[in-house]
Amino acid sequence: MGKITHQIEKCIGCGNCTVAAPDHFEMGEGGKAHLKGSEEEDKNEVKETEITEELKQAADSCPVQCIKL
Ligand code: F3S
């Protein structure tokens, strides 16, 4: 298991993550991505999950690198 952190404040809503890992990301409030099933922690969205290839692609495809694995 690993941990995903989505830094909401940095997210510009480009949507690449929702294409790369639709099981984990959807577009949410304010035109930013929402990490499904996450909890808020220090203004970030976090959740424990298995780090899959899709998640690695989501992190790699984010232009502002606001997805940390
Ligand atoms: Fe936001 Fe990056 Fe996804 S900017 S919408 S987290 S690809």
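This is a predicted model: local features need pLDDT of at least 70, side-chain atom pairs count only at pLDDT 80 or more; totals for chains, interfaces and linings use all residues.

Q: Which residues come nearest to the ligand?
A: The ligand has 13 residues around it, and the nearest are C11, I12, G15, C17 and C62.

Q: How many residues of each class are in the shell around the ligand?
A: Nine are nonpolar, four are polar and none is charged.

Q: Is C11 buried or exposed?
A: Buried means under 20% relative accessible area. C11 is at 9% relative accessibility, so it counts as buried. C17 has a relative accessible area of 8%, so C17 is buried too.

Q: How many disulfides are there?
A: A disulfide is a covalent bond between the sulfur atoms of two cysteines. In a model, the test is whether a pair of cysteine sulfur atoms lies within 2.5 Å. By this rule there are zero disulfides here.

Q: Which residues touch the most other members of the largest nonpolar core?
A: They are I4, C17, F25, A58 and I67, in a core of 14 residues. Helix 1 (16-20), strand 3 (33-35) and helix 2 (53-61) each give two or more residues to this core. Helix 2 gives the most, with three residues.

Q: Where does T49 lie, and how far apart in space are T49 and K3?
A: T49 belongs to strand 5, which covers residues 44-49. T49 is buried because its relative accessible area is 12%. Although T49 and K3 are 46 residues apart in sequence, their C-alpha atoms are 5.9 Å apart in space.

Definitions and conventions. Residues are numbered from 1 along each chain as its sequence is written. Side-chain values use heavy atoms; hydrogens and water are left out. A residue is near a molecule or strand if one of its heavy atoms lies within 4 Å of it. Ala, Val, Leu, Ile, Met, Phe, Trp, Tyr, Cys and Pro count as nonpolar, Asp, Glu, Lys and Arg as charged, and the others, Gly among them, as polar. Buried means under 20% relative accessible area, exposed over 50%, partly exposed in between (1.4 Å probe, protein chains only). A nonpolar core is a set of buried Ala, Val, Leu, Ile, Met, Phe, Trp, Tyr and Cys residues joined through side-chain atoms within 4.5 Å. Helices (H or I, at least four residues) and strands (E, at least two) are DSSP runs, numbered from the N terminus.
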